[in-house]
Amino acid sequence: MVLQTIITGLSIGSIYALMAVGYSLVFSVLNFSNFAHGAIITLGAYIAWAIMVQFFRVPFLPALLLSILGAGILAFLNERIAYSTLRRRRAPSLYLMISAMGVAIALQNLLYATIGAKLYALPPVFAQDSFEVGGATISRMDLFAFVFSVVAIGLLHCCLMYTKVGTAIRAASHDMEMVSVLGVNLDVLVAVLFLIAGGLGGMAGVFMGVKYMVYPSMGWITNKAYIGAVIGGLGSLPGAIVGGLLLGLLEALVSVTTIGSVQLSTYRDVFSFGILSILLIVRPTGLFGRMVEEKL
Amino acid sequence: MAYAQAIFTNSAIYIIAAMGLAIFTGYTGLFSLGHAAFMAAGAYTAAILTYFYHWPLLPALLLGMIVSVLVSLVVGYPTLRVKLRSDYLAIATLGFGEALKVILENLDLTQGARGLPGIQKLAGPINTAVWMVLTIWVCRNFLRSTYGRKIIAIGQDPVAAEMIGIRLLPNQMLSLGFSAALAGLSGGLLAHYVTFIQPAIFSMDLSSLLTAGVVCGGMGSLTGPIVATALFVVVPELFRGLALWRLVLYGVLLVVIMNLRPKGLYGHEELNLGNLPKLFLIIGLTVGLTIGAGIYNDYAPEWGTVPGLLLAAVVGLMVTVAMNYAGRGLARLLRPVLPHLGATWYRGFNRIVRLFEGLFSPRERTAGTAGAVAPRPQANVAAAKPLLSIRGLRKHFGGVIAVDGVDLDVWPGQIVGLIGPNGSGKTTVFNLTSGVYPIDSGAVTFEGRALAGQPPTSIVLGGISRTFQNIRLFSSMTVLENVQTALHTAGDYGLLAAFVQWPWTVRPTEERLRARAMELLGVVELQAFADRVAGTLPYGLQRKLEIARALALQPKLLLLDEPAAGMNPQESLDLVELIKRIHERMQLTVVLIEHHMDVVMNLCDRIAVLNFGKKIAEGTPDEIQSNPLVLEAYLGQKVEYAPQG
């Protein structure tokens, strides 16, 4: 029972983490909440649906890779269209947030207006869906998603730590202006940033689509990822991972708890929101966050 | 007719909520994605009271507003505590929206997702209109009060606002609460107008509508969002067949406006008679959209959606453009009289207000304006103790030690210069003294009280005010408003008075503040620019304005950070005179950081020299000029110094 709860929690938590990492990555450098991340995730899932179900019969792995690529490119375009002008103008982060919200609203409703509100299923990936370990059922897809997420985040970590671009991104998260003065092309750096964030988002979208369904408002699940990122500490990558996994685990735990006759699973979202509020009171910077002192 | 009434009532209800968001996002600069949820809180509270308990509308609405305010404060408090991080608030309000939906869907009292059908229809066009007018009036009053100015200041530059003693958290909470009250009112009216509510009504779509209204209308304007929100309610009603595309349009508009015209339709101005072209553009937009919609509705069924839409767009656009040019032409024709037209209207209005005022206000209350320039009564402990005493001050940023054990005493009435090469830690000393950064070790004592650990606002209000190296004015406010804002501690009326603007309490105070602000502008010779927008002033005058704003706090100690930066020799000379003047007239003690040596040598009684975070010399200007260590720090080698003249 406990083992089962942990497995459920980790499987949803790893998807939260995947989303939170992309969101946090953008936040750490550009210092604003990219609310369009959820829409990119949704579009990633729709790309997979289009090439796996609607138009072609592309098998899962190539479809996953294409979705990652497609979502990455969409995120890049999103930055070019909606943020780059504001970024160059050094607009207040409020403007960037509003612009991001605009993209989220437009894309989600574009899906409603064109493809419609219908729910679509992605074909099952594994013939036998689950196996048992020590009395707990593990879905093969969840396991695959978990392993794939871990590998992706691990690759990202290596990229950030050991490559030139990664070093530039880390430096930019401390001081973007300085990095630009040192001769790094900020446009390229930001483009790479959004490609990575979008790619991770696309991956999360496909996993979500397989696990549940594909529909226009599925991107709202990123709200949880945002909360996870704040729990971990806005702008911190390890924070985003730990925050996402922790939130997944806590939600799984709450879902199987009942108090009296009330099943707490109904109130799972209220619980997540409550955690956020309490954490901000107890530890405003999150678990791994750093406080930024404004320079005068 | 009934249809027009319905559109009007809907617009009025959403305008009330949009006013709230205009205050919160437009003026305070904070992003909320949960205003639909605050509307829900008000709507459900009011509806439950009239539905189950048969309360009359008014008390139900009021209780709905109260609940909405309480809820917003509970959501806002944890996030607003984190200074200068509006992202937390946006995420928390987003999360709250989802959480409230879950709660409403599962409570018995709210009848779950089915909602509450058959609420009494207690709101109609007339009482809704009254509420709307009342709301607009209250918002306008609020923004013109000391409370409103504090909030606008925070929206424009939170750091500068703190540095004139405005506390962020309580004022942001006030803005949030006020804004949520209006959302609650709007929700309550909505429930009693449509007579049926369910959780799905108060979705993200509704928040999007409000955000789009405020952003497109102009953040920093009240009339702009009114116009835009009304348009956003009317237009989709006209284009019935395209309902799904409505939200796509809002989203695209948000992106386009932010990127191309962040100030929206009206920016920091209001709709007025003096600006005919804009007025005509808006009328043109409305008429064009209406005609376009009419064409679309007539032809689309025959011709198909796309050609219908195209024709509608072409005709609508032509009408809009024609109206736009008509407005410009009329404005050109009326150019000689136009400014007077607006002014006359304004004067007439003011005369009526004054007449009204005369009926209520006893004469002696308006009389007696205390002189701002009059020196603050000084306790006669002078010269016995230093006013500001710094001992062993240290601060490091990462591995860099910015200030390394600095000692400094500033005696009352002195002008002390702080000089040193770039990066020697001068500004950091100011930042530590004014509480911007926490002190690593050492002590700063002001009038015998230790400053360490005090928040910047109480240090400022305790008598130390400052200016900034890179000017930080409230750039969209006028010159006069910048100074008025800093006079916030002199506002002696309550919040309720601010909402209603009682002519017998608020007006005299406001007039006194205005007179004081003018007096302070007189000190820095900026009276002629009182109504200019601060951001449009030339650089040198902006510096003077910053000094006037700092003086408004009646400081005992004034910290000037490179006041002569970027000034030519003549301007620096004027500045020296100005500082001498305020020093004498207001009995100020001054510490200034400056690179212009003529300014420093002319003004200062004593000079302290910093290099690499350490004080390397202190003394009179003559002593400093001949100090070999100082010369070495500035020139890198020892040279013979030959005094001039």
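Trainee: Among contacts in chain B between residues at least 6 apart in sequence, what share joins residues at least 24 apart?

Mentor: The share is 76%. A contact here means that two C-beta atoms, placed from the backbone, lie within 7 Å. Before we go on, this is a predicted model: local features need pLDDT of at least 70, side-chain atom pairs count only at pLDDT 80 or more, and totals for chains, interfaces and linings use all residues. Residues are numbered from 1 along each chain as its sequence is written, while chains are lettered from A and ligands numbered from 1 in the order in which they are written.

Trainee: How many helices and strands does chain B have, and what makes a stretch count as one or the other?

Mentor: Chain B has 25 helices and 10 strands. Both are DSSP runs numbered from the N terminus: a helix is H or I over at least four residues, a strand is E over at least two.

Trainee: How do you know which helices of chain B touch chain A?

Mentor: Start with the totals: 42 residues of chain B are in contact with 39 residues of chain A. Helix 3 (57–80), helix 4 (86–106), helix 9 (204–217), helix 11 (243–260) and helix 16 (426–433) of chain B each supply at least two residues of that side. Helix 4 of chain B gives the most, with 14 residues. By class, this side of chain B has 28 nonpolar, 11 polar and 3 charged residues. Nonpolar covers Ala, Val, Leu, Ile, Met, Phe, Trp, Tyr, Cys and Pro; Asp, Glu, Lys and Arg are charged; the others, Gly among them, are polar.

Trainee: Why is E447(B) called partly exposed?

Mentor: A residue is buried with 20 or more other C-beta atoms within 10 Å of its own, exposed with 12 or fewer, and partly exposed in between, with C-beta atoms placed from the backbone. E447(B) has 18 other C-beta atoms within 10 Å, so it is partly exposed. This residue lies in the loop between strand 4 and strand 5 of chain B, and its phi is near 50°, a positive value in a residue other than glycine.

Trainee: And what makes Q501(B) count as buried or partly exposed?

Mentor: Q501(B) has 19 C-beta neighbours inside 10 Å, so it counts as partly exposed. Its loop runs between helix 19 (495–500) and helix 20 (506–523) of chain B, and its phi is near 55°, again positive in a residue other than glycine. Over the 645 residues of chain B, 48% count as buried.

Trainee: What makes strand 2 and strand 5 of chain B edge strands?

Mentor: The open sheet of 4 strands in chain B has the order 2-1-4-5, with antiparallel pairing. Strand 2 (400–410) and strand 5 (449–450) of chain B each have a single partner strand, so one side of each is left without a neighbour in the sheet.

Trainee: How do you know that strand 4 of chain B and strand 5 of chain B pair?

Mentor: Pairing asks for at least two DSSP bridges between two strands. Strand 4 (residues 441–446) and strand 5 of chain B have 2 bridges, in the antiparallel sense, with T445(B) opposite A450(B). Helix 16 of chain B packs on this sheet, touching strand 1 (388–397), strand 2 and strand 4 of chain B.

Trainee: Which strands stand at the edges of the sheet with 6 strands?

Mentor: That open sheet of chain B has the order 6-7-8-3-9-10 and mixed pairing. Strand 6 (464–466) and strand 10 (614–619) of chain B are the edges, each pairing on one side only. Inside, strand 3 (residues 415–419) and strand 9 (residues 606–611) of chain B run parallel, joined by 4 bridges; G417(B) stands opposite I607(B). Helix 16 of chain B packs on this sheet too, and strand 3, strand 6, strand 7 (557–561), strand 8 (589–593) and strand 9 of chain B are touched.

Trainee: At what angle do helix 1 of chain A and helix 10 of chain A pack?

Mentor: Helix 1 (residues 2–30) and helix 10 (residues 237–255) of chain A make an angle of about 145°, with their axes 6 Å apart. Those axes are lines fitted to C-alpha atoms over the stretch in contact, and angles run from 0 to 180 degrees between N-to-C directions. The contact has 16 nonpolar, 9 polar and 1 charged residues.
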